[in-house]
Amino acid sequence: MPLLCNLYKKAQSVRSGCRYLGFPFIGKLEFFSRLPLRSHPMKRNAFLLIAMLLAGVAAFAQSSAPQKRRMTALRTEERITIDGVLNEQVWANAAIAADFVQTSPVPGAASAFTTQIKVIYDNSGIYIGAQMLDPRPDSILQELTQRDRLGNTDVFGVFIDAYQDGLNGLGFLVTPAGVQVDLKIAPVSGGDNDGNQIVTQGEDINWDAVWYNKSIINDKGWTAEIHIPFAALRFPKTPVQSWHINFGRSVKRLNENSFWNYIDPQVNGFLIQSGIIEGFENIKAPLRLQATPFVAVYGQHYHDKNSDPKNSLGYSFNGGMDVKYGISDAFTLDMTLIPDFGEAQSDNQILNLSPFEVQFNENRQFFTEGTELFNKGGLFYSRRIGGTPIKYWDVEDQLQEGETIVSNPQQAKLINASKISGRTAKGLGLGLFNATSARSHAVIRNAEGLEREVETDPLTNYTVMVADQNLKNNSFVSLVNTTAWRSGADYDANVSAAVFDFRNKGNSWGLRGRGVLSQLYHPGQVDLGHSWNIGIGKISGKWQGGLSYVEESDTYNPNDLGFLYNNNERSVGAEINYQQYQPFGKFNSAGGGAYVNYNRLYKPNVFTDFGINFWAWAQTKTFWNFNVFTYHEPVRTFDYFEARTSGRFYHFPTNNNVGFWFGTDNRKQIRISMNSNFRTFADEGRYRWNTSISPRYRVNDKLTLSLSTYYGHWYNDVGFADKIENPATGVTDVIFGRRLIQTVENVFNTSYTFNPNTALTLRARHYWTNVEYSRYHLLTEDGNLGETSHNPERDANFNAFNVDMIFRWRFAPGSDLFVIWKNSVLHADALAGEDYFSNLDNLFDAPQNNSLSIKLIYFLDYQRLVRRG
């Protein structure tokens, strides 16, 4: 289930305030995606920036922190059985936390149903007993899902911030069916891929801990009994402790979310709105030593009807281990030795016609779990590790007459990876990440059958170091350094950054920024580049907004271990938005806003873009959600990247874009969401139309089916096609083309959950893009399109088809058995003008890979072994 609301995946993202996440408890996380198309601000921003800075300085003196609720934990020596029945005597003596307050749909109102919470503890960990009263127990929703996923179900959650810094915490959630969800809550900070500084509080659901729960539906409602071992928590080393804590409940049939300590959706920050639990005395963190050895066996089948032989079979074995060791109460070492990521989801391959690299999601668990500290500053893109070799594309250039490429691995072999991270009692977070990938070679064969190897990637070591100091008022300052070291004569890279986020006592205003220095070490030469940004804004309340400035030099390059679409930019942005969470009329909540952006190149300092974006969103009292937006570029702009030649630009026409998104009530058995946008250009009938529809059918509490279908139709689109050396002029001619681009993507998902520990999921994706050029043009020196007789024949027809079917059985705490089938077809040709269904008929004539694997992971915990002994 996605955690951040997604307004438009395909052509244009929309700046819009997102409501709630897939987990209903992590209040209002701010997520504003910068327009990847062509977004940009206004010329008088200097005066606005000064005014906003003065207002911000004055506001930093304000304070409006609400009173926090308090409760006391009770120590026990009685043995507690986790059975969902709170019948031990100590439960009767424990204090009760109750009187939950709604966050939605009516913020500040009392919860419709009573919730009673008790907390006790012993030397092994804490216990939470929760009774969720409900006058209609037979109506409690309890859809079964796999671990770390929530469906159409009630939920209870506990959220712990043991250091009381308001920035870093843990969440443990359970459902009436016994499904577990655990997550880390931490700032997601730094810059986005376009250099904007972003600081939000988000969840990391990839973090996994071993803890225990049992849920029971009874005649009063439902009960959850939870045991969280101290080994799963991090807390100060003091004899008497108090923690930030909060409890949340979701009554799904009412779509009501409530908390013990009120979470105001208009206040920025979730953990700062926690209550306080006292009474912890003489608790100690146990020795944390855990290992998860694994073994995996793979069978592979490759079929190509045009080859001889048509079929080839293969198999392989793999084994390795992940190790987790608690260096101290606060710091943990994580290691993966000879890793295997066979269960990771296949990448969403596309046909990339842009001048920028495609960014893929990280699906490998070791690189997604517990990496929030290393993501400070936005400089760590873990797909670089074990990614495409740096000389992968150079192999063809080294072919001699009669030679062919026998093999050229697309991914470097990862040898090991480790990370040390933690936070001291004074709020200093320290992190060290290190990984090593092996040498990669391509194999070339000549006409006589002799083979030779060409190195495509040297032995490479990657390092990320972070120091992050929490400050008062949920502020912080961080230092980050990343390094890519390569053996031999290949270049090395180093990036250093300072990141800060300062907030006033009332958490209503923020000042944030980042400064980065990139260094590429070539033999006898060092290439330096820089980036910096600063922003100030009002971050809480009905009215929010801010100003920002971003600068990236033309030599700035963090991409050896980070990700940046393009450098060479100066950008000024201004934003204002309004949000109303109190119900009114036919709506539960609504809001809207505007964003303006003005861009220039860093070098030469020339104007590039100007854009204006407006949006509005609303949720009705029937729990339908709507979003509409418009985007405008009222003046012709200058694209210095599409030409892919230094100093050349394309004169982009004025254009207007309008779009919408809606989603029906997600409690219903059938749910439909749809989004669409239409973008027109002042250019020969040119337009872009994108639309998608996503129906979901919940067959029962165990089986769910969903389909997402996208169609894009870009008529008379203009883009780069070729560049050639002109012998008559001695300059490079850049060739653009007019083209029709049609894209269809279908993603089918189904899951059957046998019980909270066993599930079968299937994901099938087919992506098709057809590109048909109607004519070609010479890009003139003034950025317009002239005539040319050159025909580079760039028509394309591209297919990507993947199936990922995974059976997962958690047969013991932390231990899993996976059975995985994957099918993959990648096919490209020049059959332009082919329709989708004719293309589909030919798809499975293309070569395809099938893989069947079995992977066994077993969790070993030192403390459990000692207790058994």
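This is a predicted model: local features need pLDDT of at least 70, side-chain atom pairs count only at pLDDT 80 or more; totals for chains, interfaces and linings use all residues.

Visitor: How many salt bridges does a search of the whole structure find?
Guide: The search gives 39 salt bridges, each being a side-chain nitrogen of Lys or Arg within 4 Å of a carboxyl oxygen of Asp or Glu.

Visitor: Where in the chain are Arg648 and Glu781, which form one of them?
Guide: Their N to O distance is 3.8 Å. Arg648 is in the loop between strand E33 (637–639) and strand E34 (650–652), and Glu781 is in the loop between strand E40 (758–779) and strand E41 (785–786), 133 residues apart. Helices (H or I, at least four residues) and strands (E, at least two) are DSSP runs, numbered from the N terminus.

Visitor: Is Arg648 buried or exposed?
Guide: Arg648 counts as buried because its relative accessibility is 9%, whereas Glu781 is exposed at 61%. Buried means under 20% relative accessible area, exposed over 50%, and partly exposed in between (1.4 Å probe, protein chains only).

Visitor: And which residues are linked in a network of salt bridges?
Guide: The network links Asp683, Glu684, Arg686, Arg738 and Arg775. Within this group, Asp683 and Arg686 meet at 3.2 Å, N to O, and both are buried.

Visitor: Changing topic, how many aromatic pairs are there?
Guide: The count comes to 49 aromatic pairs. Rings of Phe, Tyr and Trp (its six-membered ring) pair if their centres lie within 6.5 Å; planes under 30 degrees apart count as stacked, over 60 as edge-to-face and the rest as tilted. Phe341 and Phe367 form a tilted pair, 6.0 Å centre to centre with 50° between the planes.

Visitor: Finally, in what order do the five strands of the open sheet run?
Guide: The order is E2-E4-E5-E11-E10, with mixed pairing; two strands pair if DSSP finds at least two bridges between them. Strand E2 (74–75) and strand E10 (212–218) stand at the edges, each with a single partner strand, so one side of each has no neighbour in the sheet.

Terms used
Residues are numbered from 1 along each chain as its sequence is written. Side-chain values use heavy atoms; hydrogens and water are left out.
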